[in-house]
Structures are given as structure tokens and as C-alpha cells.
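Dear colleague,

I am handing over the structure below, and after it I set out what was found there. Please read the notes with the model open beside you.

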Amino acid sequence: LMNEMFKDYPDVVSVEQVTEMLHISPSFAYRLLRSGDLQAKKVGSKYIIAKKSVIAFVDAESKA
């Protein structure tokens, strides 16, 4: 079901796309990334975020 929700997004998304997907502010997205609540890799100053990480985050939050 989550895969359907985010089907229009690529397999790897940017912070900007995460803010759209989750309807959150950029500052909150960065807070989730820095805390590790949203799994990502940091390459230089940019985050590389797998769409499956966003799905896992939403799934975990919905069960909390």
C-alpha cells in the first residue's frame, strides 16, 4: 500500500522530495535524518535517501 502511495517518486529521493512525501518542513526532515529516525547515507553535504527508507519510517510511525 505504501508503495502505491509513493509510486511517482524515484527509488532514491532528495530531502526536498521527502518533505513533499511526508508533508513536513525541511528543518524537520533534516532533524529526522540527523537523528537516524529516517535512514540515509550522507555523501559530502547531501543526503541520499532510499524510498524504501521513507516507507519504513512511515510504517514504523503508524505502528507506534
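Helices (H or I, at least four residues) and strands (E, at least two) are DSSP runs, numbered from the N terminus. This is a predicted model, in which local features need pLDDT of at least 70 and side-chain atom pairs count only at pLDDT 80 or more, while totals for chains, interfaces and linings use all residues. Residues are numbered from 1 along each chain as its sequence is written, and side-chain values use heavy atoms, with hydrogens and water left out.

Val-43 lies in strand 2, which covers residues 41–43, and it stands opposite Lys-46 in strand 3. Strands 2 and 3 run antiparallel and are joined by three bridges, where pairing requires that DSSP finds at least two bridges between two strands. The two form a hairpin with two residues between them, and Gly-44 in the turn has a positive phi of about 65 degrees. Strand 1 (residues 12–13) also pairs with strand 3 in the antiparallel sense, over two bridges, and Val-12 has Ala-50 as its bridge partner there.

Finally, Val-54 is in contact (heavy atoms within 4.5 Å) with several residues, leaving aside its neighbours within four places in sequence, among them Phe-6, Val-18, Leu-38 and Ile-49.

Best regards
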